Amino acid sequence: MLEGTLVDLVPFEDDFAIYLETWMNEEAWFRAHVWERREPHTEDDVKKYIENMEKNERGGLIGFQAKNGDPIGALIFDHEWTRVRKAEVRVVVGDSRYEGADEALDGLLMLVRYCFETRNLHRLDAVALPFHETWIEHLRRAGFVHEGTLRQHIRWDGDYVDLEMFGLLQSEWPGYVQKVAELSLQPSDIEPKPKPEKKEQKEAQPS
Amino acid sequence: MLSGLLVDLVPFTREWYQEKMHAYWNNESRLWATMGECMPISRASIARIIEERAQGRARGYSGVHFMIRTKDGVTIGNIGLNWVDYHSRCGYLGAWIGEEGYWGGGYGTDALLLVVEYAFDWLDLRRLALGTMALNVRAQRNVEKCGFRLEGRERQATLVNGEWLDALTYGMLRGEWPGRETLIERLGLREKAAQRYAIQEE
């Protein structure tokens with residue numbers, strides 16, 4: 001477990017895997033991945049996604065949860081480019097009650113911390129749909145710099161919308177501890193949701 | 001085949017891919033226009049890339065690639081759409097002129113106009129995007145005069161010869177495209193072609 005200020009980073013398994021079957025078919029997932037086609041993800045798709053991310057040598061899928069153990073969502077880094085030491089980051093706030101909350105911001109800060117302070121990356125990329133204001137606000141508070149606008153780049157809900165590009169350099173990151181001190185994060189005290197029902201294991205039928 | 005004034009765009013041949021790409025990728029390093037990603041590459045590696053590309057089609061690979069051939073039959077490079085997002089109707093352009101003697105003569109511009117026209121008028125795309133590195137001023141000038149606008153500058157997004165360089169993204173919407181004929185006139189391509197091939201005939 002990697003301990004943050006308002007959240008902890010944990011392996012993406014157990015309850016997270018169950019929640020993902022819902023999360024991967026919801027707005028937060030589509031928005032974070034700029035997933036314009038939003039085909040439904042079946043149980044098998046979700047399972048395969050988790051497996052692929054486990055095997056992914058250029059990326060990772062990390063669960064983040066509130067200090068009371070309530071799962072919030074997924075922290076993702078991907079397309080890590082060894083030579084240039086850069087990767088793309090996204091945060092999926094699966095539990096929409098945490099959308100825009102400081103827990104989600106701390107998730108981003110912890111992801112940045114992991115990428116810069118553990119993986120020693122040089123640069124992080126992030127993209128945002130222009131109407132995803134909470135995410136843009138979190139990127140800015142984390143120190144990301146707006147680097148451009150791809151005009152009418154994405155088909156979205158009957159329209160063509162821009163895609164905002166952001167970047168953060170390792171040299172611009174003051175370190176997690178100092179960053180958190182600057183931001184004075186506040187817990188949102190959301191009640192933990194009830195644990196998801198465990199799926200029944202299919203027993204092998206004697207032949 | 002797409003027919004221009006200085007060049008034609010023709011399908012790739014395996015021979016060309018194997019021999020020319022081998023030559024271009026192993027050129028003197030000053031001729032490399034990649035994003036700093038370069039190392040000596042073997043014929044076997046290139047053969048594998050060809051194979052992967054061929055198999056990619058079955059997996060939904062959407063790229064469209066042409067060889068650039070001068071009107072007198074010299075193949076000088078390649079151009080195409082590295083990736084097409086048919087849902088958002090956006091294509092990503094890529095080009096490479098491997099023969100240094102054909103830089104600056106309008107060949108790349110002629111090829112670019114053909115591909116842009118093809119993307120808008122035949123594939124019905126509504127946006128084109130492309131990336132280059134800050135170092136490649138020639139490419140920036142070329143795409144700007146054809147109607148592309150600088151949309152993004154990713155700071156220190158690549159490393160070239162030991163130095164961090166910005167990566168630039170350009171975009172053009174179909175409504176901003178002046179049209180191939182207009183640009184041929186504006187850029188004097190007809191004159192360039194007449195001059196080039198008249199000299200050849202003498």
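These legends describe close-up views of a predicted model.

Residues are numbered from 1 along each chain as its sequence is written, and chains are lettered from A in the order in which they are written. Local features need pLDDT of at least 70 and side-chain atom pairs count only at pLDDT 80 or more, while totals for chains, interfaces and linings use all residues; side-chain values use heavy atoms, with hydrogens and water left out.

**View 1. The interface of chain A and chain B.** In this interface, 26 residues of chain A contact 27 residues of chain B (heavy atoms within 4.5 Å). About 2,300 Å² is buried between the two chains, 43% of it from carbon and sulfur atoms (accessible area, 1.4 Å probe, lost on being put together, summed over both parts). Arg83(A), Arg151(A) and His153(A) supply 30% of the area that chain A buries against chain B, more than any other three residues.

**View 2. Salt bridges across the interface.** The rule finds 5 salt bridges between chain A and chain B (a side-chain nitrogen of Lys or Arg within 4 Å of a carboxyl oxygen of Asp or Glu). One of them joins Arg151(A) to Glu151(B), with the closest N and O atoms 2.5 Å apart.

**View 3. Helix H3 of chain B.** H3(B), a DSSP run of H or I with at least four residues, covers residues 107-122 and reaches 22 Å from its first C-alpha to its last. Of its 16 residues, 12 are buried, so H3(B) is largely enclosed by the rest of the structure (buried: under 20% relative accessible area, 1.4 Å probe, protein chains only). Among the buried residues are Tyr107(B), Leu113(B) and Phe120(B). Just after H3(B), Asp124(B) has a positive phi of about 60°.

Notes: Helix = DSSP H or I, 4+ residues; strand = E, 2+ residues; numbered from the N terminus. Expected span 1.5 Å × (residues − 1). Buried < 20%, exposed > 50% of the residue type's maximum accessible area, 1.4 Å probe, protein only.
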